[in-house]
Amino acid sequence: MNATAKSREASAELQQEAHWGYVLRLADTSLVLGQRLAEWIGHAPALEEELALANISLDLIGQARLLLTYAGELEGRGRDEDALAFLRDAPEFCNLALAEQPNGDFAHTIVRQWLIDAWQLEMYVALEHSSDTRLAAIAAKALRETRYHYRFSRGWLIRLGDGTAESHERMQRALDALWRFTAELFTPDQVDEHMSERGIAPSLPELAPRWSARVEEDVRMASLARPAAPPYPWHGKRGVHTEHLGHLLGEMQHLQRTYPGARW
Amino acid sequence: MSEADWPLFEVFIRSRSGLEHKHVGSVHAADARMAIEHARDVYTRRQEGVSLWVVRSADIVASDPEEADALFEPARDKVYRHPTFYAIPEEVKNL
């Protein structure tokens, strides 16, 4: 094999790895956020809200299943959705660090949800036109769900932000606390750039202003103040996580880790 | 905010285009918009419908059960009001 062929093969391998890595990132953000929302079951402030959170959780886990299955196929090492969800450790997870942040009070849950819903909305709108038709089909399905999620979280953001003195203060506190994780949403790395060059993924810097304008408008409607502090660039999608992910996985993976292959 | 502060809304679902909305239950919500969302989340999880109505329970005027005799009993012996006394010609279909 000559040098050109070798380097072409190496580059194809890199592309392949970027592709499966990219799909895995989308999957993990949906999975981890879905797991977080499921923690509200039995604890939500009202029966109707509990069902709403559980519905959103199930939508997200449904997205994660499609994406994980696809990621497993792209990886080509025989790992299915369950193997990827239940048998990886925290450093192998590549969800946005924002998604793994604890539920906190209802305000934290809503702000986290709204920030990610607005992000997923932009992502899925763009991914619907991906050159990867399988990913485009998953995005099209997820987009319908995400539009409702955003309607829900934005509705609560505005109600509570523009509600009582206490609800306003709690929402502002949640926004201030979670804002630092937003830099990661639109900071591209090599994987993002590879995917964007191949027309598989959108260019993150191009999406950023749309998200920013949406967030700005919602924050204004909710009578909240957009935090001035520059967000710190976390690297959840590269496996660098806050300490919260390990605890979440401990609970989520407990059954499969203790009783490998258990089914019902 | 607790659920106890939220007024009750009655929920009506149209299961398919062309059919009427039917009462399915109720939800608590702060306002009508939230009531629609709650109704969606509580009552349409299994594709039960294509359209939702909500109405504040307090806005529904109901007949008094005490007056049921006066209101409904008089109809009991008027069997001729049922359209069962007509002979329907063979040729007429879909009446």
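In what order do the elements of chain A run from the N terminus on? They run α-α-α-α-α-α-α-α-α. That comes to nine helices and zero strands for chain A. Before I go on: this is a predicted model.

Let me stay with chain A and turn to its dimensions. Along the principal axes, its C-alpha atoms fill a box of roughly 70 × 45 × 30 Å. As for the interior, 44% of the 264 residues in chain A are buried. Now take the contacts in chain A with a separation of 6 or more: 76% of them are between residues 24 or more positions apart.

Next, chain B. Here we have an open sheet of three strands, in the order S2-S1-S3, with antiparallel pairing. Strand S2, residues 21-28, and strand S3, residues 51-56, are the edge strands of chain B; each has a single partner strand, which means that one side of each has no neighbour in the sheet. On average, neighbouring strands of this sheet are turned by 30 degrees against each other, ignoring direction.

As a reminder, strands of a sheet pair through backbone hydrogen bonds, either parallel or antiparallel. In chain B, strand S1, residues 8-14, runs antiparallel to S3(B), and six bridges join the two. To pick out one residue, B:Ile13 has B:Leu52 in S3(B) as its bridge partner.

What packs on the sheet of chain B? Helix H1 of chain B, residues 32-43, does, and it touches S1, S2 and S3 of that chain. The direction of H1 makes about 125 degrees with that of S3(B).

Notes. Residues are numbered from 1 along each chain as its sequence is written. Chains are lettered from A and ligands numbered from 1 in the order in which they are written. This is a predicted model: local features need pLDDT of at least 70, side-chain atom pairs count only at pLDDT 80 or more; totals for chains, interfaces and linings use all residues. Two strands pair if DSSP finds at least two bridges between them. Helices (H or I, at least four residues) and strands (E, at least two) are DSSP runs, numbered from the N terminus. Axes are lines fitted to C-alpha atoms, for helices over the stretch in contact, and angles run from 0 to 180 degrees between N-to-C directions. Two residues are in contact if their C-beta atoms, placed from the backbone, lie within 7 Å. A residue is buried if 20 or more other C-beta atoms lie within 10 Å of its own, exposed if 12 or fewer, and partly exposed in between; C-beta atoms are placed from the backbone.
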